[in-house]
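Work through the exercises below with the structure open beside you. Try each task before you read its solution.

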Amino acid sequence: MGVMGAVFRREFVTYFITPLAYVFIVIFLALAGTLTFFLGSFFDRGQADLQPFFAFHPWLYLLLVPAIAMRLWSEERKIGTIELLLTLPISTTQAVLAKFLAAWAFTAIALALTFPLWLTVNYLGEPDNGVILASYLGSLIMAGAYLAVGACFSALTSNQVIAFVLAALVCLIFSVGGTPIVLEFFTGWAPSGVIDTIASLSFMSNFRAIARGVIDVSALVYFASVIALFLFANVVLVDLYKAR
Amino acid sequence: MIEIDRLCKRFGAIVAVDDVSFSVARGEVLGFLGPNGAGKSTAMKIVAGFLTPDSGRAAVCGLDVAEHPIEIKRRLGYMPEGAPSYNEMTPVTFLGFIASVRGFSGKEKRRAVDRAAEMTRLGEVLNQPIETLSRGYKRRVGLAQALLHDPEVLVLDEPTDGLDPNQKHEMRTLIRDMAPEKAILISTHILEEVGAVCTRAVIIARGRIVADGTPGELEARSPNHNAVFISAPAQTLRTLAPILRELDGVAEVAVGDNSLCARPREGCDIHDEIQVLVRQRNMLVSEIRLERGQLDDVFRAVTTGGALTGTAGAETAED
Ligand SMILES: Nc1ncnc2c1ncn2[C@@H]1O[C@H](COP(=O)(O)OP(=O)(O)O)[C@@H](O)[C@H]1O
Ligand SMILES: [Mg+2]
């Protein structure tokens, strides 16, 4: 097991030592279920698919993912273990990646635990499982983008609450960018190129593109770029903290 | 093994480390002394590669810390101030994690963890969450972490802070036992530590080195070094004081209620002379004692900027 593997494992296991993991998973599943069945009128639509379920994911992630990410660096800064971690033979980039991947793996587990919904639609009808799989993958990649934002802001402060609020705020901006309300606000006076750019930079529209079931390369590239950008900022912030 | 050359580091307006240079060789235990806020931790963080200096250079095992950060971290065992560790883990999982990051696996890893746990006597608490441990045990976990890979160079920031006298004694014994094969840098603001474990001491105040020498040399810089201390009835002291003041070697005589202290002129030995004199005159004294000089006095004098009498070999960094 390499250096990154060791850090990854520690981070991942830590989620399950503390109650955080269980609280998070329960809230995630409860909210996912409630939103899908009540707000999303899962049964009334009379269609066997998970469209309403996935439609709520950006909103779920908006609050829940920053909660997972907030402790990644803030806690290390607060307790002082960041000094321990960064004086072990590991580069900042390796530490940032290992922590991010651990949090992402944890989100993947939470997401995978929604499988009873998938079983339900398959029991009720004959959904297009290819579309569902694509949606799951899209959702996971989108979660990665939210996580990268959260990890980055976690490195900015030793206060987890501040890290959470800032991350949620930035996630909100990235999320609502693609909603009709925001786009309508620009329609009429802003050039259509600007509107298209805003829409194309939002998590929602890119997620919708993947969730349609066709592998949308530009959406994948988009999320990968967001992740890379914020993880790079994360590395810079940690190095700045050291160079302070 | 550790070389620090003209290191400077400031935090905004605060100059934490100001032109500090020293080196630690194998077999040496260098005590880094100074009042709180003197800049000890900052200098140690730079050696450990956690902070980047504004100017100057730190090297470990001949490698520049800035140029080979990963390599020096491999060679160095570092316990940060307060011995931080992951509270939700147990000592065994924590040390296992450190071992994995340091590249141990399988049987080797178990051996390294066992060895570190044994050296620091973590036995009974190995499977107890670190957050439930007493301060002394937490400190030992921090030390075990630093020792795990049997590094040639150890940097320990206040290893005995917050320990009870027995634990302090154990910690010092451990450090002394390891000393011959390693270069060890420890910081402390407890002076008794210096005589107990250090082969050399560097005193730092407001970021600058104000004294550097062996514990003996530093003691020799005390104004009370080689002073003669006499306890006797007040009557006797009144007769004795003027006689002592007449002696060539005596610089100063201070008389208290039931005691007297005669400080020698630089380089003079007045103890024997006074003893003979007191015996010849059949004076009734309960005690005649030669003062070696207290490190406390030296420490207070150099860290509060006061002038020192006596200059036994140690240099100051004033320029
Ligand atoms: N991260 C920091 N930001 C600002 N000032 C700091 C920081 N760390 C230390 N200092 C300041 O630098 C000086 C030296 O601190 P430190 O090296 O911790 O001293 P010591 O370990 O000798 O008690 C102090 O005045 C302290 O307030
Ligand atoms: Mg300190």
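The exercises that follow concern a predicted model.

**Exercise 1. Domains of chain B**

Find the domains assigned to chain B and state how far apart their centres are.

Solution. 
- Step 1. Domain 1 of chain B covers 2-213, and domain 2 covers 228-318.
- Step 2. Take the centres over C-alpha atoms. For domain 1 and domain 2 of chain B they are separated by 39 Å.

**Exercise 2. The contact between chains A and B**

Describe the contact between chain B and chain A: residues, buried area and the main contributors on the chain B side.

Solution. 
- Step 1. Count residues. Chain A gives 26 residues to the contact, and chain B gives 26 residues.
- Step 2. Turn to area. About 2500 Å² is buried between the two chains, with 66% coming from carbon and sulfur atoms.
- Step 3. Look for the residues of chain B that lose the most area to chain A. They are Phe50(B), Tyr86(B) and Val101(B), which together make up 29% of what that side buries.

**Exercise 3. Polar and charged pairs across the contact**

How many salt bridges and how many residue pairs in polar contact link chain B and chain A? Then work out which elements and classes of residue make up the chain B side.

Solution. 
- Step 1. Count the salt bridges. There are two between chain B and chain A.
- Step 2. Inspect an example. Glu88(B) pairs with Arg10(A) in a salt bridge, and their closest N and O atoms are 3.3 Å apart. The cut-off for such a pair is 4 Å, so this distance qualifies.
- Step 3. Count the polar contacts. Four residue pairs are in polar contact between chain B and chain A.
- Step 4. List the elements of chain B that give two or more residues to the side touching chain A. These are β1 (2-11), α2 (69-75) and α3 (91-101).
- Step 5. Pick the top contributor. α3(B) gives the most, with five residues.
- Step 6. Sort that side of chain B by class. It has 14 nonpolar, six polar and six charged residues.

**Exercise 4. Ligand 1**

Solution. 
- Step 1. Ligand 1 lies between chains A and B.
- Step 2. Survey its surroundings. Arg244(A) is one of the residues around ligand 1; others include Phe11(B), Ile14(B), Pro35(B), Lys40(B) and Thr42(B).
- Step 3. Check the backbone. A polar backbone atom of Ala38(B) is 3.1 Å from an oxygen atom of ligand 1. For a backbone N or O atom of Gly39(B), the distance to a ligand 1 oxygen is 2.9 Å.
- Step 4. Check the side chain. Ser41(B) places a polar side-chain atom 2.7 Å from an oxygen atom of ligand 1.

**Exercise 5. Positive phi values**

In which loops of chain B do Arg121(B) and Asn282(B) lie?

Solution. 
- Step 1. Take Arg121(B). Its phi is near 50°, a positive value in a residue other than glycine. Arg121(B) lies in the loop between α4 (106-119) and α5 (135-147) of chain B.
- Step 2. Take Asn282(B). Its phi is near 55°, also positive in a non-glycine residue. The loop holding Asn282(B) runs between α10 (271-280) and β14 (287-290) of chain B.

Note on methods:
Residues numbered from 1 in each chain as written. Chains lettered and ligands numbered in written order. Predicted model: local features only at pLDDT ≥ 70, side-chain atom pairs only at ≥ 80, totals over all residues. Heavy atoms only, no water. Domains from an automatic or database assignment. Contact = heavy atoms within 4.5 Å. Buried area = accessible area lost by both parts, 1.4 Å probe. Salt bridge = Lys/Arg side-chain N within 4 Å of Asp/Glu carboxyl O. Polar contact = N/O pair within 3.5 Å; in protein donor to acceptor, adjacent residues only side chain to side chain. Helix = DSSP H or I, 4+ residues; strand = E, 2+ residues; numbered from the N terminus. Nonpolar A, V, L, I, M, F, W, Y, C, P; charged D, E, K, R; others polar. Near = heavy atom within 4 Å.
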